[in-house]
Amino acid sequence: MTKRLTPLAALAALLALSAGCAEAESPKPSLPLESPTASTVFSPQSSNEPLPADEVFVPDAHIEDGALLFRIQVLPGYYLYKDKISVRSLSEAVDLEDQEFIEEWSRSEVVVDEWFGEQEVFFDEAHGSAEIRSLIQNIPSINIELSYQGCKEEGICYMPQAKVLSVDVPAQLESAADKTE
Amino acid sequence: MSRMFLIFSAALVALMAGALLYAVRIPTEVALEQVAPQPTSLEAATHPAFTLPDLEGKDREFAEWAGKHRLINFWATWCAPCRREIPMLKAFQDEHGEAGFQILGIAVDYPDMVVPFAEEVEFNYPILTGQQDAMAVAESSGVEFIGMPFTMIVTRDGEFVGAYLGELHQNHLDDIVTILTRLDNGEIGKQEVRGALELL
């Protein structure tokens, strides 16, 4: 009564099983876990929701020709208030002169705010420099704090930001500092 | 012939064993994903509770306004869209205060900036102030507090049902009144309220 499995039948079974396994291995749509945050926050522009400040405003800085050059990149649709931008040294080793904005690299516009009057704001990015008045000791890097505050057009205003950046001190500048010691 | 049969049989057994193991493994993963979601801060903070100082420096507990539908509006003197909302919020308080709606302003700002501004604006709703502690209240909603204006909506029984990031307009306030009134009348439940607030 026992029927022997012929090679042909075995091959057919093998193919059928392989097909079944292939189906089982195909990616299954995972059930999305409900996000309470997404379900309870509503915003006027769901497809254009405000992004976190760190994604909107991206600061960086470096030292060049005896000056600290800083830059804050701004995403389209957002802006920074010029008078809210400031830089200061957190390292005792370095003393910075007052900052200046590099106008040719920064696109600023004057906007009229119903509450604050005429305000100069930066779209796209803001560039500035602060001359290094003195560098007391020979150090590889300094810490600076870059502060700024901005808003989204027709949207929200971000909390004032204060970012600490570590800036490499070029060897050339270190040598110059050495000479002053 | 029999050699080929043996090869096929061995392959078949191996495949069946593999398929069996795979079938056992899949449900385990799905079950873990579906059954064990991590508790969220929102779930832990469905009923906000906090104490912040008012403009006279006196500590005020949020529970003081229990029994009212509360719109907790976070703002700052340096925030233009926040300032634009204020006349509308004052009008809202005048119009709907008696019906049990309460605006509560939380200035995420320095009191020495807020106090003179408040005297100028003549708020008709309470203003509390704070810094990190005020931001912690906003973040207790489970929402990352990235900017202002930001408004949390809490029902009469103290349950947080929604938050609005951005400038409120009159139509938003009208809809909020409609939704919460329907909740009061028993026409909809909390889940419907949350869903309706999402659609504003």
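Where in chain B does Glu167(B) lie? It is in the loop between strand 8 (160-165) and helix 6 (170-184) of chain B. Helices (H or I, at least four residues) and strands (E, at least two) are DSSP runs, numbered from the N terminus.

1. **Basis.** This is a predicted model; local features need pLDDT of at least 70, side-chain atom pairs count only at pLDDT 80 or more, and totals for chains, interfaces and linings use all residues. Residues are numbered from 1 along each chain as its sequence is written, while chains are lettered from A and ligands numbered from 1 in the order in which they are written.

2. **Confidence.** The scores are ipTM 0.73 and pTM 0.72. Average pLDDT in chain B is 84, and 78% of its residues score at least 70. Here pLDDT is the predictor's confidence in each residue, from 0 to 100. Residues 18-45 of chain B stay under 50. For that stretch the model has 24 contacts beyond four places in sequence. A contact means two C-beta atoms, placed from the backbone, within 7 Å.

3. **Glu167(B).** Glu167(B) is buried, with 21 other C-beta atoms within 10 Å. The scale is: buried if 20 or more other C-beta atoms lie within 10 Å of a residue's own, exposed if 12 or fewer, partly exposed in between, with C-beta atoms placed from the backbone. Apart from neighbours within four places in sequence, Glu167(B) contacts Pro81(B), Arg84(B), Glu85(B) and Pro149(B). Gln191(B) is 24 residues from Glu167(B) along the chain, and their C-alpha atoms are separated by 24 Å.

4. **Cis peptide.** The peptide bond from Met148(B) to Pro149(B) is cis, with omega near 0°. Pro149(B) sits in the loop between strand 6 (147-148) and strand 7 (150-154) of chain B. Most peptide bonds are trans.

5. **Positive phi.** Most residues other than glycine have a negative phi. Asp124(A) has a positive phi, near 70°. Its place is the loop between strand 8 (117-123) and strand 9 (125-135) of chain A. Asp124(A) counts as partly exposed because it has 16 C-beta neighbours inside 10 Å. In chain B, Glu122(B) also has a positive phi, of about 55°. Glu122(B) is in the loop between helix 4 (111-121) and strand 5 (127-130) of chain B. With 7 C-beta neighbours inside 10 Å, Glu122(B) counts as exposed.

6. **Chain A.** Four helices and 13 strands make up the count for chain A. Of its 181 residues, 23% are buried. Among contacts in chain A with a separation of 6 or more, 69% join residues 24 or more positions apart.

7. **Three-stranded sheet.** One open sheet in chain A has the strand order 5-10-13, with antiparallel pairing. Strand 5 (86-89) and strand 13 (161-168) of chain A are at the edges with a single partner strand each, so one side of each has no neighbour in the sheet. On average, neighbouring strands of this sheet are turned by 25° against each other, direction ignored. Pairing requires that DSSP finds at least two bridges between two strands. Strand 5 and strand 10 (residues 141-148) of chain A pair over four bridges. Ser86(A) stands opposite Ser147(A) in strand 10 of chain A.

8. **Core.** The largest nonpolar core has 73 residues. Such a core is a set of buried Ala, Val, Leu, Ile, Met, Phe, Trp, Tyr and Cys residues joined through C-beta atoms within 7 Å. Leu80(A), Phe74(B), Ile106(B) and Met148(B) have the most contacts inside it. Not counting residues up to four places away in sequence, Leu80(A) touches residues including Phe57(A), Ile72(A), Val121(A) and Tyr148(A).

Terms used: Axes are lines fitted to C-alpha atoms, for helices over the stretch in contact, and angles run from 0 to 180 degrees between N-to-C directions.
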